Structures are given as C-alpha cells and as structure tokens.
Amino acid sequence: DSMLARLIPSNVERVFELSDDLPMVEADHTQIEQVLINLVVNAVDAMPDGGRVIVRTTRERVAGLRGGDATGPELDCVCLAVTDSGVGMDAETVARVFDPFFTTKPLGKGTGLGLATVH
C-alpha cells in the first residue's frame, strides 16, 4: 500500500482484496513490483476524473499448459489482478494491448512498454 500510495492520486480509491490462504510462490520481488506498478499506473491513467483501483489476490485451479495449449492437468495457482472503474478499452485496443511500443497515450506521455513488460 505504501508503494502504491505514491502513484495513486487522492481522487482514486485504493482497495486491496488479498486472500489469506495463498501458498508460497517463487518469484522475483522486483519483477512482481514492476508488474504491479505498471498495471496500477495504467489503471490510474484510465480514470482522469478519479475512481477505484482494486488489487486482488486469489488462489485458483487452472488448466496447465501443454504445448502452448491449456490442456494439461489442472494446477493450483496464485493469481494477481488489478481492476479499475475506468471506461475500458475497445476491441482494437484490447487486440494490441501487449504489443511492445503500442500506446493510446499522447506523444511524450507513454512508451508503450508497460503492458508489454507485464505480459
């Protein structure tokens, strides 16, 4: 919360819905922070008049990957989600959202690397 508080203006409410029953995960702390920062910054940019950012963690059973397909055995996973009350994206933007250097921001306001890094 203290890290994100510096990134989120006062007109945006921060909500944390963090599960208590998460298993330990092996992950790089710095990379997880970078992903979280990129997602939150994009969420805030989508709400210029304010709104709500929700950071949620859950434990999920998901189909495992086999050959790039979700056809393997189910795996117990920890999921991290960031949602916001912004206006959303049209289908064209969604199709390109993870492309490196793609941005909907004006010139000089974004590099188009935030969500590519998350991906």
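How many residues does helix 2 have, and how far does it reach from its first C-alpha to its last? Helix 2 has 17 residues and reaches 24 Å, close to the 24 Å expected at 1.5 Å a residue (the expected span is 1.5 Å times one less than the number of residues). Helices here are DSSP runs of H or I with at least four residues, strands are E runs of at least two, and both are numbered from the N terminus.

A quick note on what you're looking at: this is a predicted model, where local features need pLDDT of at least 70, side-chain atom pairs count only at pLDDT 80 or more, and totals for chains, interfaces and linings use all residues. Residues are numbered from 1 along each chain as its sequence is written, and side-chain values use heavy atoms, with hydrogens and water left out.

Let's stay with helix 2.

Now for the largest nonpolar core, which has 10 residues, among them Leu-4, Ile-8, Met-47 and Val-53. Such a core is a set of buried Ala, Val, Leu, Ile, Met, Phe, Trp, Tyr and Cys residues joined through side-chain atoms within 4.5 Å. Helix 2 and strand 2 are the elements that give two or more residues to this core, and helix 2 gives the most, with 4.

Next, the pockets. A pocket is an open set of points on a 1 Å grid over the protein atoms alone, where a 1.4 Å probe fits, with protein on both sides within 12 Å along at least five of seven lines; lining residues have an atom within 4 Å of a point. The largest pocket holds about 820 Å³ of space. Its lining counts 32 residues, and Asn-42, Met-89, Thr-104, Lys-105 and Leu-115 are the closest to its centre. Helix 2 turns up again, giving the largest share of that lining with 6 residues.

The second largest pocket comes in at about 450 Å³. Of its 16 lining residues, Ile-32, Leu-36, Thr-57, Val-78 and Leu-80 lie nearest the centre. Here strand 3 gives the most to the lining, with 3 residues.

Definitions and conventions: Grid points are joined across faces, edges and corners, and a volume is the space filled by probe spheres set on the points. Buried means under 20% relative accessible area, exposed over 50%, partly exposed in between (1.4 Å probe, protein chains only).
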